[in-house]
Amino acid sequence: MFNKEKVKLGIAPIAWTNDDMPDLGKENTFEQCISEMALAGFTGSEVGCKYPKDVNVLKKALNLRGLQIASAWFSAFLTTKPYEETEREFIRHRDFLHAMGAKVVVVSEQGHSIQGKLDIPIFTGKYNLNDKEWQNFAEGLNKLGALAKEKDMKLVYHHHMGTVVQTTEEIDRLMNMTDENLVYLLFDSGHLAYSGEDFISILKKYVNRIKHVHLKDVRPEMQEKVRKENLSFLQGVRAGAFTVPGDGCIDFGPIFTILSENKYEGWLLVEAEQDPAQANAFEYAQKARNYIKEKIGF
C-alpha cells in the first residue's frame, strides 16, 4: 500500500467549527479541536477560522500535540475581480503557509460561486463560465502556480460543488488549459460523488497531477433530499449530506489502491463538514481514523 514515510494523515477543522456557518460548532475551541485531532490519531490539519494567525503561536500549539499544517483554503476571484487583487492576497496566504511548513496551497475559484449562498439551489443555480472567462481564469491560475513554485510549493486546485469547476467536463477543461507544471489537482471524493461524477475515472485520469486528497463521504439519502427539495449547499451541510469515510456510500478501498499504485505522496485529509451537535467531531474523527487504518494498514 502506501509508503508511510511519504503519506501523512490529517483531518480538517471544519468538523469542529464550520468556516462558512460559524454557528455550527461555535462552542468548540481551537485547543479542543486540535487536541481531539491528535487524540484520534491524526498528525496534520488544515487551517480553520479559529486558528491563531501568528505563526509562532500556531506552531507552538501544534507542536505540543504532534500536528502539522497540511494547507489552507484560498479563495481566488480570478473571474470577477482584477488579477492583482487575488495575487496580493495569494502571496500573503502563500507566505503564511510556507512559514508553517506546508507544501501545497489549496485554491478554489469563488467568483460566481454559490456554495456560500443560503438561498440558491446547489443543483440548479451553478454558473457556467464563457470562453473569455475560462481564458482569464486559466491564465490567472498559471500565474498563481508560478508564485507557489517560487517557494517550492504547489498550487492544488479544489473542484467544489457550486463553483465554476464542479463537473467532469469543467475539471477536464481546467486541466487542459493550465500548465501541468504549475497547476495541480486536489481530489475530493465527496464533491465528485455529490455532483454525480465518476470519481474513479477522474482519479485514474489525473492521478499523476493529484497532489492533495480530501477524503469526504456522502449520505445518498440526504443528497437526494437536497436535490428534490432544491436546497442550497449550506442547507445540505446542515441536513447531513456529508460525513467521514466509512459512514457514507463511498468505498475508499479502490481510491487508496489507485493512489498507492501510482506512488502518491502527500496528505490524505479527512474533511466532512457536519453539524457537530448532531455528529460529534471527535467521535467521527475516530470513526474515520479506524476506517482508514483498516483499509491502508496504518
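Arginine 238 is partly exposed in this predicted model, with a relative accessible area of 39%. Its salt-bridge partner is aspartate 23, and the closest N and O atoms of the two are 2.9 Å apart. Because arginine 238 lies in helix H9 (residues 233–239) and aspartate 23 in the loop between strand E1 (7–11) and helix H1 (30–40), the pair ties together parts that are 215 residues apart in sequence. Aspartate 23 is likewise partly exposed, at 38%.

By the rule applied, the count comes to 14 salt bridges.

| Salt bridge | N to O distance |
|---|---|
| Arginine 238 – aspartate 23 | 2.9 Å |
| Lysine 126 – glutamate 170 | 2.5 Å |
| Lysine 216 – glutamate 273 | 2.5 Å |

Lysine 126 and glutamate 170 meet through their side chains. Lysine 126 lies in the loop between strand E5 (104–109) and H4, and glutamate 170 in helix H5 (residues 168–177), so this pair ties together parts that are 44 residues apart in sequence. Lysine 126 counts as buried at 17% relative accessibility, and glutamate 170 counts as buried at 9%.

Lysine 216 forms a salt bridge with glutamate 273. Lysine 216 counts as buried at 0% relative accessibility, and glutamate 273 is buried with a relative accessible area of 4%.

Salt bridges also link Arg94, Asp95 and Glu150 in a network.

Glutamate 133 lies in helix H4 (residues 131–150) and counts as buried, at 15% relative accessibility. Leaving aside neighbours within four places in sequence, glutamate 133 is in contact with Thr79, His112, Tyr127 and Asn128.

How values were computed. Residues are numbered from 1 along each chain as its sequence is written. This is a predicted model: local features need pLDDT of at least 70, side-chain atom pairs count only at pLDDT 80 or more; totals for chains, interfaces and linings use all residues. Side-chain values use heavy atoms; hydrogens and water are left out. Helices (H or I, at least four residues) and strands (E, at least two) are DSSP runs, numbered from the N terminus. Buried means under 20% relative accessible area, exposed over 50%, partly exposed in between (1.4 Å probe, protein chains only). Contact means heavy atoms within 4.5 Å. A salt bridge is a side-chain nitrogen of Lys or Arg within 4 Å of a carboxyl oxygen of Asp or Glu.
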